[in-house]
Amino acid sequence: MSFVSLSFIILFAVVFVLYHFLRQVRSQNLLLLAASCIFYAWWDWRFLSLMLGLSLVSYLAALSIEAATSSSRRNAVLALCVAAQLACLAYFKYVNFFGNSLAIVLGAIGLQARWTYLDIVLPLAISFHTFQLIAYVVDVWRREYQAERQIVTFFAFSFFFPQLIAGPIERAEHLLSQFKRPRSVDARAVRDAIGLVVLGYAVKIVIADTAGPIVDSLFVPAQPYAWSVVLGTVLFGVQIYADFLGYSLIAKGCAGLLGFKLIWNFRFPYRAVSPSDFWRRWHISLSRWLRDYVYIPLGGNRYGASRTVTALMLTMILGGLWHGAAWNFVLWGLFLGVALATWRLLGIPNQPQTRIGRFAGWLGTMSIVFIGWFLFRATGPGLMEALITALRNWEWAPLHLSLLTATLMLMFALALFEYVQINLVERTTMSARSSWTRVASLGSLITLTLVFLERHRPTFIYFQF
């Protein structure tokens with residue numbers, strides 16, 4: 001069930017009315033759990049039991065860890081739970097990838113692999129769901145959060161449908177705690193939440209769904225022009241940001257209408273002035289997860305430069321592999337890890353104080369980010385090699401004027417929508433004049449979204465991860 005569908009709008013409208021009619025927290029949680037199961041089963045009912053099973057494993061593991069009387073038992077339960085979660089993720093997402101990679105290595109040394117590749121369907125949301133459950137169990141193991149005993153409460157948290165499919169990856173301390181207390185919304189909360197939803201749909205449909213077909217037409221093996229590769233990469237950077245930002249705004253707005261607060265998953269990443277500043281702004285929940293559950297346990301920056309670089313590289317490679325079972329994602333993570341390590345080793349400030357320094361930092365960071373987007377998007381047999389070959393031909397064709405115009409228009413629209421987000425959606429206090437401006441702006445966004453609705457794509461990019 002896509003957010004951009006009549007079925008979702010009907011489901012959410014029914015849930016919204018029933019939810020606010022109910023007064024007891026447990027009844028509201030039961031309704032949310034039922035709605036979440038319907039939402040997930042709409043995609044593919046076959047995997048509903050799998051996802052519920054993974055939640056049950058984490059629920060029981062957290063209780064066992066909290067009840068354990070020895071460190072060895074606590075550690076054993078944690079290890080078994082995390083191993084079970086990762087094994088399930090690895091089977092569905094990576095078994096064919098690693099099998100194919102091993103076959104290539106064996107073929108290079110004269111051996112032939114004779115196994116049969118499995119026809120595996122990837123369950124939706126398994127990457128986000130797995131990381132959120134692992135974070136919960138680890139936090140209980142660290143004694144940073146008490147294990148939840150009410151199973152309905154826990155399952156409602158782990159299956160919360162506004163953020164189930166593509167995050168943000170929430171911590172129990174922030175989101176699960178909200179499922180344990182009464183929730184209600186006032187007129188201001190409804191106003192703010194509707195603003196987020198309207199803006200999210202506009203960003204998704206007007207920008208991402210306009211850029212998507214153009215990007216697909218440019219990232220093809222027969223591409224002859226370097227300028228098409230460059231402009232296609234810039235457009236993909238616009239597309240993936242608008243696509244994921246749109247989803248995150250809709251998720252945050254829908255959660256707000258139900259009385260929940262989700263974290264901001266994006267904070268204007270294309271304004272970043274260093275690679276680490278970018279990761280504090282882009283996919284914030286995943287960045288924090290990798291920092292807290294991979295980078296810091298690997299040593300972080302506590303044991304010297306070499307250990308820090310190793311931790312950075314391993315963390316970013318894992319982050320790349322999390323995005324997809326393909327070598328271009330590993331290369332993307334490796335490239336960004338090198339950029340982060342180089343920035344640190346050269347002692348370049350993450351927040352330059354002068355205007356020139358901030359501009360230079362921004363220019364360097366955006367160069368790194370968009371080279372990374374090329375590596376990220378160039379997936380498929382032989383596509384990256386073909387596009388790199390196309391970079392030899394810098395002929396300017398009439399096509400490129402149209403591409404440049406489309407790119408600049410979409411970049412301007414994205415900047416305009418960010419302005420609306422800051423000044424008309426996030427602002428908590430407004431004058432009467434600003435309030436009317438807000439109403440007019442949101443009305444314009446709704447009209448524009450409806451105009452572009454026919455060309456929208458049925459899914460979000462990050463649903464595949």
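Entry 1: Which residue's side chain does the side chain of Arg377 meet in a polar contact? I looked it up in this predicted model. The partner is Asp216, and the contact spans 2.7 Å. I then placed Arg377 in the fold: it is found in helix α14, residues 355–377. Is Arg377 buried or exposed? Its relative accessibility is 16%, so I log Arg377 as buried, the cut-off being under 20%. I listed its contacts next, leaving aside neighbours within four places in sequence. Arg377 touches Val215, Asp216, Phe219, Phe236, Asn328 and Leu383. I also checked one distance, from Arg377 to Leu336. The two are 41 residues apart in sequence, and their C-alpha atoms are 15 Å apart.

**Entry 2: the nonpolar core.** How many residues make up the largest nonpolar core? I read 146. Tyr40, Tyr136 and Trp373 touch the most other members. Helix α9, residues 226–257, supplies the largest share of this core, with 16 residues.

**Entry 3: aromatic pairs.** I searched the whole structure and got 46 aromatic pairs. I picked out the rings of Trp227 and Trp394. Their centres are 5.2 Å apart and their planes meet at 85 degrees, so I log the pair as edge-to-face. Trp227 counts as partly exposed at 29%, and Trp394 counts as partly exposed at 45%.

Trp227 has a further entry. It forms an aromatic pair with Trp396, edge-to-face, at 5.5 Å centre to centre and 80 degrees between the planes. Trp396 lies in the loop between α15 and α16 and Trp227 in helix α9, so this pair ties together parts 169 residues apart in sequence. I put Trp396 down as partly exposed, at 44% relative accessibility.

**Entry 4: charges over a ring.** Which charged residues lie over the ring of Trp264? I found Lys252, with its charged end 4.7 Å from the ring centre. I also found Arg267, over the face of Trp264 at 4.5 Å from the ring centre.

**Entry 5: cysteines.** How many disulfides does the structure hold? My count is zero. I repeated the check for Cys88. Its closest cysteine sulfur is in Cys81, at 12 Å, again too far for a bond. The cut-off for a disulfide is 2.5 Å between the sulfur atoms. Are these cysteines buried or exposed? Cys37 is buried, with a relative accessible area of 18%. Cys88 is buried too, at 12%.

Note on methods
Residues numbered from 1 in each chain as written. Predicted model: local features only at pLDDT ≥ 70, side-chain atom pairs only at ≥ 80, totals over all residues. Heavy atoms only, no water. Buried < 20%, exposed > 50% of the residue type's maximum accessible area, 1.4 Å probe, protein only. Core = buried A, V, L, I, M, F, W, Y, C linked by side-chain atoms within 4.5 Å. Helix = DSSP H or I, 4+ residues; strand = E, 2+ residues; numbered from the N terminus. Phe/Tyr/Trp six-rings, centres within 6.5 Å; stacked < 30°, edge-to-face > 60°. Lys NZ or Arg CZ within 6 Å of the ring centre and 35° of its normal. Contact = heavy atoms within 4.5 Å. Polar contact = N/O pair within 3.5 Å; in protein donor to acceptor, adjacent residues only side chain to side chain.
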